[in-house]
Amino acid sequence: MAKKRIHIVFVFAFFAMLATPTLVQVLALEKNTYQSENRRIQPFPSFNFQQPLVFFSKFKSYYKDNFGLRLTLFEAYSYLVREWFHENPLPNKVIEGNEGWLYLSYQNVLAEMTGTLLFSSNELSEIADNISQAREWALEKDIKLYISVAPNKYSVYPENLPFSVGKNKTKCSQLKNFLKREIDFDLVDLKETILPAKGAELLYHKEDTHWNDLGAFWGYQRLMQTLQQDFKNLKEINHTQLKFEKETHLGDLKRMLHLRENEQISSVKVLDSVVSERVENQLPVPKYTNGNPGDYEYRFRKSGRPLKVLVFRDSFSYALSNYLNETFGECVYIYDFKFDKNLVLKEQPDLIVYEVAERNLSQLKEL
């Protein structure tokens with residue numbers, strides 16, 4: 001009888017262990033955790049009767065990203081590994097560099113960092129064809145197309161890595177040369193003004209994958225050099241208009257390690273007699289867009305400034321928008337890289353800027 005009770009208790013405990021994460025997820029009991037990964041967490045998919053298998057495939061990804069106690073269990077694991085064993089709990093995702101610097105190491109970043117992963121010939125041709133078609137279509141509508149590349153952190157601060165990466169060919173340099181040679185298209189490499197600006201003031205967060213406000217400003221300067229060649233009346237924001245303020249910031253790499261100490265940073269505010277204003281969103285969020293629907297569209301207007309720019313973007317644009325908003329009469333930001341012709345026709349911009357992080361250059365295959 002005692003053995004039977006033990007078996008019953010064991011079976012009950014086993015099924016309770018299996019059911020608890022789902023119960024926590026369904027009842028939304030894990031509300032105090034925070035998003036710790038440097039990517040978009042999969043939303044609950046919509047069901048399409050014509051493609052039922054697509055739903056189940058997306059649901060699998062959704063459940064893996066959202067199952068109950070996921071973050072709580074990982075936080076416990078992270079604390080144990082770091083505090084008891086003094087090891088990096090995510091060595092395949094975060095590189096711990098010198099002087100407290102953290103670097104991203106997943107999404108093929110490490111292979112790209114060392115120059116061991118480049119675009120294939122087919123990939124280069126695919127990207128070139130996409131850009132060429134988009135550029136020609138836009139020019140028919142009297143719209144200029146630009147693609148700017150925000151450099152990876154290790155491209156600007158390789159000296160703080162725990163190893164040497166050398167001066168290898170990168171995807172960015174490879175693509176720049178190919179596009180210029182094959183279709184006479186200039187990729188706007190923002191690193192060209194960021195590297196010379198390195199000095200006492202940091203241009204990237206030590207504990208985040210992104211540039212800070214000042215790094216974004218120097219990237220903005222490179223973008224403006226290109227835009228002003230075609231738009232002579234475009235007036236740029238200069239360094240004397242920047243006001244620096246101290247604040248704290250919890251970096252995305254710090255969140256991935258489940259460390260909660262904030263980094264002291266300098267934020268930048270642009271001083272001008274007339275400042276831009278956020279206006280209401282006007283676009284429906286398309287079904288093909290992943291991630292938070294609230295991030296899909298941002299829209300700003302500023303009186304007294306010419307031109308309307310449509311910006312297809314990733315997360316590097318948040319800091320960059322501080323300066324673009326004060327430069328253009330209207331800025332429309334779309335968190336997606338799909339060249340949506342209907343969207344372009346609806347917005348009727350004077351120019352289109354694709355802001356893409358160096359680590360996301362492969363997105364141009366889906367342009």
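Colleague: What is the mean pLDDT of the protein chain?

Modeller: The mean is 83, and 75% of the residues reach 70 or more. pLDDT is the predictor's confidence in each residue, from 0 to 100. This is a predicted model: local features need pLDDT of at least 70, side-chain atom pairs count only at 80 or more, and totals for chains, interfaces and linings use all residues. Residues are numbered from 1 along each chain as its sequence is written, and side-chain values use heavy atoms, without hydrogens or water.

Colleague: Where is the pLDDT below 50?

Modeller: Over residues 77-87. Where pLDDT is low, the predicted coordinates should not be read in detail.

Colleague: Why is C172 called buried?

Modeller: Buried means under 20% relative accessible area, exposed over 50%, partly exposed in between (1.4 Å probe, protein chains only). C172 has 1%, so C172 is buried. C331 also has 1%, so C331 is buried.

Colleague: What makes E330 buried or exposed?

Modeller: Its relative accessible area is 12%, so E330 counts as buried. E330 lies in strand β10 (residues 330-334). Strands (E, at least two residues) and helices (H or I, at least four) are DSSP runs, numbered from the N terminus.

Colleague: Why do β4 and β7 stand at the edges?

Modeller: The open, mixed sheet runs β4-β3-β11-β9-β10-β8-β7. β4 (188-189) and β7 (277-278) each have a single partner strand, so one side of each is left without a neighbour in the sheet. Strands pair if DSSP finds at least two bridges between them. β7 and β8 (residues 297-301) have two, in the antiparallel sense.

Notes. Contact means heavy atoms within 4.5 Å.
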